[in-house]
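Please examine the model shown below.

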Amino acid sequence: MTVDGPRLRIGVLGVVVISLFAALLARLWYLQVLSSDEFQVAATTNTERVVYEEAPRGRVLDTNGVVLVGNRVSEEVAIDKANLSTEDRATALDNLSSLFGIERAELEDRLDDPKASPYTPVTVIDDVDEAKAIYIGERQEHFPGVMTRDVTTREYPYRSLAAHVLGYVGEINDTELSASPTEYRAGDHVGKAGVEKAYESELRGTPGRTVYEVDADGTPIRVKERTAPVPGNDLVLSIDVKVQQAAEQALEATLIERRSTATDDKTALHKADAGSVVVLDPKSGAVIAMASYPTYDPTEFVNGISQERYDELTSDDAGAALTNRATSGGYAPGSTWKLVTATAALRSGMITGATSIEDEGVFTIPDCTAQCEFQNIDAVGSGWVNVAEALQVSSDVFFYKLGYDFYTQRPSKSTDRNEVGRNAFDDTANELGFGTSPGLDIGGDAAGSVANPEQRLELNTMYPDKFPTRYWYPGDDVNLAIGQGDLVVTPLQLADAYATVANGGTKFSPNVGKEVRAPDGGPVVRTIAPRVSAQVALTAEVRDPIMSGLSLVTTGRGTGAGVFAGWDRATFEVGGKTGTAEAGNRLANGTRSKQDTSLFVGVAPMDDPQYVVAAVLEQSGRGAEAAAPVVRSVMGQLSGLEVTVP
């Protein structure tokens, strides 16, 4: 062994020791200097807990300031479990279970809800009767750790009125929470439908914030900081509560009445199971009323709703009461569609207001080999009629002829019928908003569907079993011209299209919201302006014959004359268009799976249109029998001539 051996080992050991000390010093410097701020925040976090308090939601008012959705103070039962012994906890839960008739296990689940804050009392029972709240307060020894406290609860004074417009509030779900993780927390309540959802940011307000200092076990020691919640803003709607009431009352009453009347073939009573009404201001696109039947009561959702009840409200077999048929109900429009056919024919120059066609009750497609004849609804002719008169008497033959002429004018690229191309009929339907969503501010408005050659070919290519036909035939345009065939529209789309023609060509995206105001009647925060979505070219030569025809519908030999008999036309002239549409699928015995849909769209006053009212009643018969009387009731309320809601 050399002398250098021990020295070398000592040297290596020295280097190791120095390296270890250097690493230790570097780590200390990192922890105490570089990361001091980070660890200071972590230490503070370990001694502080933040609890948020939901703010009272803003009110929803009608156009005249009537409260449609407000807040009320209710009492709830809460348990402060922070310092509650096992024995006291059992006593409290047993006595609450006995007093309220709630299973002990259910109360346990509510108390141990992971979403509940551990630093504040946990709510276990909502909306407590005052007598029971007093009972608990007077017998505190039987309810250790239990308290009653006032909370703000959503209130719908008119219950089911305008439910599909107003919507409802519920606890935030995982999907909604993941979309707004910094704005909301588990257990928060958010708008789930209608204006409650669409105007959530205005109605919600700013949550309160309380900072607690806690000890090592997480037990609160004191409140370090508290910011009170700020209530949400009020929302004023264009809805008029009295018109809304008139629409809903007339809709329900007429459906009930129709259930005691027989169908045209006398084989059954009308089912008359559902319907809707839309009232628009054609000058702004404002929604004055929107009714859908059957309906529901948003109050059911205030403190949570059972899965069983929710399934019932969404079940088609039970009426699907949560469905807003005014915006998402899909229907064949029947003769109300003749507005579109007439507009397209006049705009394209195919006819003028003076053009007359002889209606002999039957139209036969030239050079036809299959399904060649198309009849009026009663196979009775109307003689020579121009477009205004054809609208008045709802001459199918007049519009069958236009449909065939539209087919012959398609820019065919080949002899293959699936390449006949678009025409003015297709373009006008699209310009008036059919086949696209109207753009309602609260959403939920369906696009519907307008068949055309390109669409048919595409569907046949993608789904040949469901759509076996790939060609476009003359009969397709003929049938489409009177609102039948592969055509689906919503009541809102119908009202919007008639409003566009009534105002001279300005197409609006409908608005339910009117303005946002500061809480409790404060100043206007922002105005919700009308939204113009398109301009449709409508010259006087196009619009005047159509408006004349709509005016004639409610007088003389018009299809709506009987309904409006005795109406004061000099004071408030109402025009419109009836519609009767086949519904459902054709069965093997020749009947259909559903009864006829009744439709009517009214416009008034005709010299300066301010209102468009569209009514659609399912399985209720002809347009003049069911939908037209509903429109008359609503027009009576709007005009003040036949008021049903004082």
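The questions and answers that follow concern a predicted model.

Q: Which residues touch the most other members of the largest nonpolar core?
A: The largest nonpolar core has 93 residues. Helix 19 (residues 491-502) gives the most to this core, with 8 residues. The members that touch the most others are Val195 and Leu237.

Q: With which residues is Leu237 in contact, leaving aside its neighbours within four places in sequence?
A: Leu237 belongs to the largest nonpolar core, where Leu237 and Val195 touch the most other members. With neighbours within four places in sequence left aside, its contacts are Val60, Leu61, Asp62, Thr63, Leu68, Val165, Leu166, Val195, Val512, Gly513 and Lys514.

Q: How many residues are in the second, separate core?
A: Val277, Phe564, Ala604 and Leu638 are among the members of this second core. Leu638 is also one of the buried residues of helix 21. The number of residues in the second core is 32.

Q: How many residues of helix 21 are buried?
A: Helix 21 (residues 627-639) reaches 18 Å from its first C-alpha to its last, close to the 18 Å expected at 1.5 Å a residue. The buried residues include Ala627, Val631, Met635 and Leu638. Helix 21 is mostly covered, and of its 13 residues the number buried is 10.

Q: Which elements are included in what covers the buried residues of helix 21?
A: The buried residues concerned are Ala627, Ala628, Val630, Val631, Arg632, Val634, Met635, Gly636, Gln637 and Leu638. Their cover includes helix 10 (241-258), strand 11 (274-280), strand 12 (287-293), strand 24 (592-604) and strand 25 (611-618).

Q: Which residue follows helix 21?
A: Helix 21 spans residues 627-639. The residue that follows has a positive phi, near 80°, and is Gly640.

Q: Why is one side of strand 12 and of strand 23 left without a neighbour in the sheet?
A: The open sheet has 5 strands in the order 12-11-25-24-23, with antiparallel pairing. Strand 12 and strand 23 (575-586) each have a single partner strand, so one side of each has no neighbour in the sheet. The twist from one strand to the next averages 10°. The reason asked for is the position of strand 12 and strand 23 at the edges.

Q: Which residue is the bridge partner of Ser598?
A: Strand 24 and strand 25 run antiparallel and are joined by 7 bridges. The partner of Ser598 lies in strand 25 and is Leu617.

Q: At about what angle does helix 10 run to strand 12?
A: Helix 10 lies across strand 11, strand 12 and strand 25. Strand 12 stands at an edge of the sheet. The angle between helix 10 and strand 12 is about 30°.

Q: What distance separates the C-alpha atoms of Tyr611 and Lys283?
A: Tyr611 and Lys283 are 328 residues apart along the chain. The separation of their C-alpha atoms is 8.6 Å.

Q: How many residues apart are Arg57 and Glu196?
A: The side chains of Arg57 and Glu196 meet in a salt bridge (3.1 Å, N to O). Arg57 is buried at a relative accessible area of 10%, and Glu196 is buried at 0%. Arg57 lies in the loop between strand 1 (48-53) and strand 2 (60-61), whereas Glu196 lies in helix 8 (residues 194-198), and their separation in residues is 139.

Q: With which residue does Arg622 form a salt bridge?
A: Arg622 lies in the loop between strand 25 and helix 21, and its partner lies in the loop between strand 15 (373-375) and strand 16 (383-385), so the pair ties together parts 244 residues apart in sequence. Arg622 is partly exposed at 24% relative accessibility. The closest N and O atoms are 3.0 Å apart, and the partner is Asp378.

Notes. Residues numbered from 1 in each chain as written. Predicted model: local features only at pLDDT ≥ 70, side-chain atom pairs only at ≥ 80, totals over all residues. Heavy atoms only, no water. Core = buried A, V, L, I, M, F, W, Y, C linked by side-chain atoms within 4.5 Å. Buried < 20%, exposed > 50% of the residue type's maximum accessible area, 1.4 Å probe, protein only. Helix = DSSP H or I, 4+ residues; strand = E, 2+ residues; numbered from the N terminus. Contact = heavy atoms within 4.5 Å. Expected span 1.5 Å × (residues − 1). Pairing = 2+ DSSP bridges. Axes fitted to C-alpha atoms, helices over the stretch in contact; angles between N-to-C directions. Salt bridge = Lys/Arg side-chain N within 4 Å of Asp/Glu carboxyl O.
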